[in-house]
Amino acid sequence: MSLLDPLFRQHLDRLDRRHTRRSLLPVRPEGAGRIRRGGRTLLNFSSNDYLGLAAHPLLVERACAWAQRWGAGSTASRLVCGTLELHAEVEAKLARLKGTEAALLFNSGWQANAAVLPALFDRELLGGDALVFTDRLNHASLHHGCAAAGVRQIRFRHNDLDHLDGLLARHAAEPGTRFIVTESVFSMDGDRADVPALAALAERHGAFLFLDEAHATGVLGPRGMGLAALAGGRADLAMGTFSKALGGFGAYVAGSQALCDYLVNRCGGLIYATALPPAVLGAMDAALDLVPTLDAERARLQAMAERLRAAFHGLGIDTAGSSTQIVPAITGAEEDALSLSRRLEERGILGIAIRPPTVPPGTSRLRFALSAAHTDADLEALTGAVADAWSAR
Ligand SMILES: Cc1ncc(COP(=O)(O)O)c(C=O)c1O
């Protein structure tokens with residue numbers, strides 16, 4: 001019993017009434033694209049394992065091998081004695097693939113965003129204020145980074161670069177360093193930012209361009225290394241994760257050597273956290289070897305997503321601006337999303353309901369995420385089940 005339990009319970013009751021209470025439901029992976037939950041095997045359309053690498057033998061073998069050879073933990077933070085030669089090797093491999101001078105590993109994507117943004121907005125660094133322009137649908141970790149830095153976000157309408165241009169122009173006379181912070185693929189809508197146009201805007205307004213490539217890394221861009229490459233060298237910082245298409249865990253920032261050296265000196269989330277352990281680095285290293293070779297899987301993934309969107313549109317389902325492996329089915333109301341998700345589960349499909357505050361009020365949805373591990377039969381099972389569940393609403 002804790003002192004605040006009555007308040008915790010009141011809060012949870014409020015969430016129950018709004019259909020927005022969440023809970024943790026343990027699952028067990030059951031091979032590619034499948035999980036076991038509540039005694040049943042389900043086709044999993046809710047994971048971010050877009051290339052099916054989480055269970056890939058090369059990742060698992062290298063994770064085991066590196067743990068056996070170098071131990072379970074890194075024993076210290078990066079700046080103390082936790083920077084193993086392995087960190088440096090993975091960072092160098094990643095920078096080569098991203099085509100940047102340098103790269104820096106972080107313990108998670110959340111941690112990277114929450115910690116890197118405050119380091120960038122540092123008044124001592126900038127010699128003044130940061131003017132931070134953010135997409136309205138940015139991930140919670142990006143909001144958290146801005147909030148932690150105490151900056152006011154100047155939000156532009158989702159993917160509306162005319163609006164961004166107008167806001168940049170409106171604030172042109174204000175002193176301060178401009179930042180544009182956005183995702184290259186949006187996690188809940190599955191649509192893409194126009195990276196070349198963003199880069200041109202950043203150039204024109206003298207803004208620092210920060211791209212979150214969490215859902216593009218492994219899936220889009222040359223050799224699957226994300227969309228920042230389309231910025232023609234004008235993306236100042238690309239962060240991404242190893243936790244989604246790369247099948248493992250952890251995150252990165254890629255950019256100039258000076259940027260990475262600065263973060264090593266100023267970024268609390270890197271300085272005051274224990275470094276990633278050898279097993280995680282082994283899985284990262286193996287994923288970086290595999291990803292550039294998976295063009296056929298990437299093409300198949302996008303073709304499946306195209307088919308799924310076409311099937312949904314045929315059923316009158318709104319898929320927002322999806323043009324990637326993430327395909328939402330917008331229901332609007334929370335209860336609808338929850339009841340559809342339950343009906344799909346009865347039919348052997350895991351399609352998790354996403355509700356506010358993860359998405360804006362009135363845009364609850366089922367978020368389907370495809371994986372190269374899914375078969376054509378899996379996709380047909382999904383479309384059939386959604387057609388049944390949707391018509392029974
Ligand atoms: C756009 C975006 N950025 C960052 C993150 C956080 O990454 P991680 O899961 O590695 O902490 C996520 C995770 O869902 C995300 O969707």
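## Close-up views

**View 1. Arg223 lies in the loop that runs between strand S8 (207-212) and strand S9 (237-241).** Strands (E, at least two residues) and helices (H or I, at least four residues) are DSSP runs, numbered from the N terminus. You are looking at a predicted model, in which local features need pLDDT of at least 70 and side-chain atom pairs count only at pLDDT 80 or more, while totals for chains, interfaces and linings use all residues. Residues are numbered from 1 along each chain as its sequence is written, and side-chain values use heavy atoms, with hydrogens and water left out. Although Arg223 is not a glycine, its phi is positive, at about 55 degrees. Most residues other than glycine have a negative phi, and most peptide bonds are trans. Is Arg223 buried, partly exposed or exposed? Its relative accessibility is 42%, so Arg223 counts as partly exposed; buried means under 20% relative accessible area, exposed over 50%, and partly exposed in between (1.4 Å probe, protein chains only).

**View 2. Thr75 sits in the loop between helix H2 (57-70) and helix H3 (78-82).** Here is another residue to look at for its phi. Thr75 is not a glycine, yet its phi is positive, at about 75 degrees. With a relative accessible area of 68%, Thr75 is exposed.

**View 3. Pro356 and Pro357 are joined by a cis peptide bond.** The omega angle of this bond is about 10 degrees. To find Pro357, follow the loop between strand S13 (353-354) and strand S14 (364-369).

**View 4. Helix H5 (residues 109-120) packs against helix H10 (residues 257-266).** Two packed helices are described by the angle between their axes and the distance between the axes. For H5 and H10 the angle is about 100 degrees and the axes are 10 Å apart. Axes are lines fitted to C-alpha atoms, for helices over the stretch in contact, and angles run from 0 to 180 degrees between N-to-C directions. H5 is therefore roughly perpendicular to H10; that label covers 65 to 115 degrees, with under 35 roughly parallel, over 145 roughly antiparallel and the rest oblique. H5 brings Val116, Ala119 and Leu120 to the contact, and H10 brings Leu259, Tyr262, Leu263 and Arg266. Contact means heavy atoms within 4.5 Å. Sorted by class, the contact of H5 with H10 has 6 nonpolar, no polar and 1 charged residues. Ala, Val, Leu, Ile, Met, Phe, Trp, Tyr, Cys and Pro count as nonpolar, Asp, Glu, Lys and Arg as charged, and the others, Gly among them, as polar.

**View 5. Helix H8 (residues 161-170) and helix H9 (residues 195-205) have axes that cross at roughly 10 degrees.** The two axes come within 11 Å, and the crossing makes H8 roughly parallel to H9. From H8, the residues Leu161, Leu164, Asp165, Leu168 and Ala169 meet Ala197, Leu198, Leu201, Arg204 and His205 of H9. This contact of H8 with H9 divides into 7 nonpolar, 1 polar and 2 charged residues.

**View 6. The largest pocket holds about 1200 Å³ of space.** A pocket is an open set of points on a 1 Å grid over the protein atoms alone, with protein on both sides within 12 Å along at least five of seven lines; a cavity is a set where a 1.4 Å probe fits but cannot get out, and lining residues have an atom within 4 Å of a point. Points are joined across faces, edges and corners, and a volume is the space filled by probe spheres set on them. The largest pocket has 40 lining residues, and nearest its centre lie Arg22, Ser46, Ile352, Ala353 and Ile354. Strand S2 (34-37), H5, helix H14 (334-346) and S13 each give two or more residues to this lining. Which element supplies the largest share of the lining of the largest pocket? That is H14, with 4 residues. By class, the lining has 13 nonpolar, 17 polar and 10 charged residues.

**View 7. The second largest pocket holds about 370 Å³ of space.** The lining of the second largest pocket has 7 nonpolar, 5 polar and 5 charged residues.
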